[in-house]
Amino acid sequence: MAMNREVVIITEDAYGGEFFKRLVDRLKKEGLANIELKKLSGRRNPIHAPYLCNPKLEKILRASELSKPDFILLVYDGDGPSNYAPRKQDVEKHVPCNIKTPVKILLFEYEIEEWVCRSLDYSWAIKPSDELKRREGYAKHKLPEYVDKLDFNKLRNNCKSFREFLKIVGE
């Protein structure tokens with residue numbers, strides 16, 4: 001396997017940081033990715049992102065670039081397939097054009113919980129997190145615990161955003 005690449009992950013979801021930290025560890029153990037979370041001075045990695053139009057996002061991106069990662073991964077909810085393209089454009093326009101470190105964007109079709117629902121064969125009417133609440137009494141703070149329930153084979157076959165994530169971390 002190639003040398004580990006160092007990445008900074010910036011995620012919209014407050015509990016997404018610990019989720020991605022556990023996910024990266026699991027992917028490495030299972031030989032599906034060779035990335036490391038870049039050590040940052042004075043800050044955790046993954047980083048919780050502010051909402052999109054907040055000027056702090058640009059500051060976080062610039063501070064992340066100072067640590068010289070191989071790339072920065074921005075992770076946001078897509079809020080449904082009909083919103084996906086405009087949402088992606090919205091995220092892209094908030095990335096400063098003069099940043100030298102590659103910034104890659106991962107947009108869920110809905111939200112991060114879609115990976116859990118697809119792994120557990122749950123379909124949803126409106127939001128994946130609502131379905132998890134209904135079936136399992138899910139609360140957002142439990143999100144990192146669900147990394148162990150992810151079925152990577154099902155996700156590779158049935159989840160566009162997971163395939164995109166594997167492509168990004170495998171490039």
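Tutor: Gladly! A residue counts as buried when its relative accessible area is under 20%, as exposed when it is over 50%, and as partly exposed in between. Keep in mind that this is a predicted model.

Student: Which label does Lys160 get, and why?

Tutor: The relative accessible area of Lys160 is 43%. Lys160 and Leu107 are 53 residues apart in sequence and 9.8 Å apart in space, C-alpha to C-alpha.

Student: How do you know that the buried residues of α7 line one face of the helix?

Tutor: Start with the list: Ser161, Phe162, Phe165, Leu166, Ile168 and Val169 are the buried residues of α7, which runs over residues 160-170. Seen down the axis of α7, they fall within an arc of 160°, so they line one face of the helix. An α-helix has 3.6 residues a turn, so residues three or four places apart point the same way.

Student: What puts the buried residues of α2 on the same side?

Tutor: In α2 (residues 56-66), the buried residues are Leu57, Ile60, Leu61, Ser64 and Glu65. Around the axis they cover an arc of only 135°, which puts them on the same side of α2. On the other side of α2 you find Lys56, Lys59 and Leu66, which are exposed. The cover over the buried residues of α2 includes β1 (5-11), β3, β4 (71-76) and β5 (103-107).

Student: What makes the phi of Asp79 worth a look?

Tutor: Most residues other than glycine have a negative phi. Asp79 has a phi near 60°, a positive value in a residue other than glycine. It is found in the loop between β4 and α3 and, at 45% relative accessibility, counts as partly exposed. Asp121 also has a positive phi, near 60°. Its place is the loop between α4 and α5, and at 55% relative accessibility Asp121 counts as exposed. Just after α2, Lys68 takes a positive phi of about 55°.

Student: What makes a group of residues a nonpolar core?

Tutor: The members are buried nonpolar residues joined through side-chain atoms within 4.5 Å. The largest such core has 35 residues, and those with the most contacts inside it are Phe19, Phe20, Leu23, Leu73, Leu106, Trp115 and Phe165. Elements giving two or more residues to this core are β1, α1, β2, β4, α4, α6 and α7. Apart from it lies another core, of 17 residues, among them Leu40, Leu61, Val91 and Val95.

Student: Which residues does Leu73 touch?

Tutor: Not counting residues up to four places away in sequence, Leu73 touches Val7, Val8, Ile9, Ile10, Lys104, Ile105, Leu106, Phe165 and Ile168.

Student: One more: how much space lies in the largest pocket, and what lines it?

Tutor: About 390 Å³ of space lies in the largest pocket. It is lined by 22 residues, and the closest to its centre are Gly17, Lys21, Arg44, Asn45 and Pro46. α1 gives the most to this lining, with six residues. By class, the lining has eight nonpolar, four polar and 10 charged residues.

Technical notes
Residues are numbered from 1 along each chain as its sequence is written. This is a predicted model: local features need pLDDT of at least 70, side-chain atom pairs count only at pLDDT 80 or more; totals for chains, interfaces and linings use all residues. Side-chain values use heavy atoms; hydrogens and water are left out. On a 1 Å grid over the protein atoms alone, a cavity is a set of points where a 1.4 Å probe fits but cannot get out, and a pocket is an open set with protein on both sides within 12 Å along at least five of seven lines; lining residues have an atom within 4 Å of a point. Grid points are joined across faces, edges and corners, and a volume is the space filled by probe spheres set on the points. Helices (H or I, at least four residues) and strands (E, at least two) are DSSP runs, numbered from the N terminus. Ala, Val, Leu, Ile, Met, Phe, Trp, Tyr, Cys and Pro count as nonpolar, Asp, Glu, Lys and Arg as charged, and the others, Gly among them, as polar. Buried means under 20% relative accessible area, exposed over 50%, partly exposed in between (1.4 Å probe, protein chains only). The arc is that of the directions from the helix axis to the C-beta atoms. Contact means heavy atoms within 4.5 Å.
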